[in-house]
Amino acid sequence: MRRLFPVTDPTAAATTGRSEGLVGDREWTLDELAEAYAYPTATPAAPHWLRANMVATLDGAAQHDGRSQGISSDADMRIFGTLRGLADVVLVGAETVRLEGYRPARARDAFAERRAAAGQSAAPAIAVVTASLNLDFSLPLFTSPVVQTLVLTGAAASPDRVRDAEKAGARVLIAGDGPGVEADRAVAALAEMGLVRQLAEGGPRLLGQFVAADVLDELCLTVAPLLTVGSAQRITGGPGLTDPERFGLEAVMEEAGFLFTRYRRIRH
């Protein structure tokens, strides 16, 4: 993997030992990736941080045959694991849980010391965003996670389905007055639990809701050197914005033709 942007002095690493000075093509360690993707320090103006991690092809497809795995790569999966290793909570939509066969996040030795020092649990919690609670609550995601799985829904959700979720072991959080979830309330509800390092993994409709609510702080987008044609979804879905949101480029890395980009929301 090599860093393309920001351009840095390749000799700096020899004196600092930090990955920022490395622009050569080599495999980065997990510690170097963790440093490169570290969450910003919380401030009163930004007490929590929501980043999204998505992958898309050159022609904009976020999936192939209904799943993202077919357009991913080994390096993409290393970054995927790193971002999970840094997060307090992973937000995911119910449809993505069903399509991708989501399992509980696992505790990884490589991140144990870093997480302990940050006061984090052994693994990030998974927070499933769903209006209908149409989920299989017998799955390990709900019955045997390392950290209790959270279910975010609206106040008008079916009481029977809420009880099913809680009986399976999940914790249900209300983040909307109607049947659906309000994106800003979902982010705030998790932050109130101390889950301030937030990571959204899709799907496109959920990410579109975060963008529309203006709560997405950062986008980590992998651009795969692939063309799929077809009618696959983009990384976001939902009604168009009246005024497009502007993001600034933070970093670009490359491996085997895959580009790993980071964009930060420009706020005025």
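**View A. Arg 51 over the ring of Tyr 39.** In this predicted model, Arg 51 lies over the face of Tyr 39. The distance from the ring centre is 4.2 Å.

**View B. The aromatic pair, Phe 137 and Phe 142.** Here is the one aromatic pair that the structure holds. Its ring centres, those of Phe 137 and Phe 142, are 4.9 Å apart and the planes meet at 70°, so the pair counts as edge-to-face, the cut-off for that being over 60 degrees. Both partners are worth a look for burial too: Phe 137 is buried, with a relative accessible area of 9%, and Phe 142 is buried with a value of 1%.

**View C. The largest nonpolar core and another core apart from it.** The largest nonpolar core has 43 residues. If you want landmarks, go to Met 1, Tyr 37, Ile 79, Val 128, Phe 142 and Phe 260, which have the most contacts inside this core. Helix 3 (residues 74–86) gives the most to the core, with four residues. Apart from this core lies another, of 31 residues, with Ala 127, Leu 150, Leu 173 and Leu 207 among them.

View D. On helix 8 (183–192), the buried residues are Ala 183, Ala 186, Val 187, Ala 189, Leu 190 and Ala 191. Residues three or four places apart on an α-helix point the same way, because there are 3.6 residues a turn. Follow the chain onward from helix 8 and you come to Gly 194, which has a positive phi, near 90°.

**View E. Helix 9 and its packing partners.** Helix 9 covers residues 204–212, and its buried residues are Pro 204, Leu 206, Leu 207, Gly 208, Phe 210 and Val 211. What do the buried residues of helix 9 pack against? Their partners are strand 2 (49–57), strand 3 (89–93), strand 4 (125–129), helix 8 and strand 7 (197–200). Just after helix 9 comes Asp 214, with a positive phi of about 60°.

**View F. The largest pocket and its lining.** This pocket has a volume of about 900 Å³. It is lined by 36 residues, and Met 77, Phe 80, Arg 84, Tyr 102 and Glu 201 are the closest to its centre. Strand 2, helix 3, helix 4 (94–100) and helix 5 (109–117) each give two or more residues to the lining. Which element has the largest share of the lining? That is helix 3, with seven residues.

Technical notes. Residues numbered from 1 in each chain as written. Predicted model: local features only at pLDDT ≥ 70, side-chain atom pairs only at ≥ 80, totals over all residues. Heavy atoms only, no water. Phe/Tyr/Trp six-rings, centres within 6.5 Å; stacked < 30°, edge-to-face > 60°. Buried < 20%, exposed > 50% of the residue type's maximum accessible area, 1.4 Å probe, protein only. Lys NZ or Arg CZ within 6 Å of the ring centre and 35° of its normal. Contact = heavy atoms within 4.5 Å. Core = buried A, V, L, I, M, F, W, Y, C linked by side-chain atoms within 4.5 Å. 1 Å grid on protein atoms, 1.4 Å probe; cavity = no way out; pocket = protein on both sides within 12 Å on 5 of 7 lines; lining within 4 Å. Points joined across faces, edges and corners; volume = space filled by probe spheres on them.
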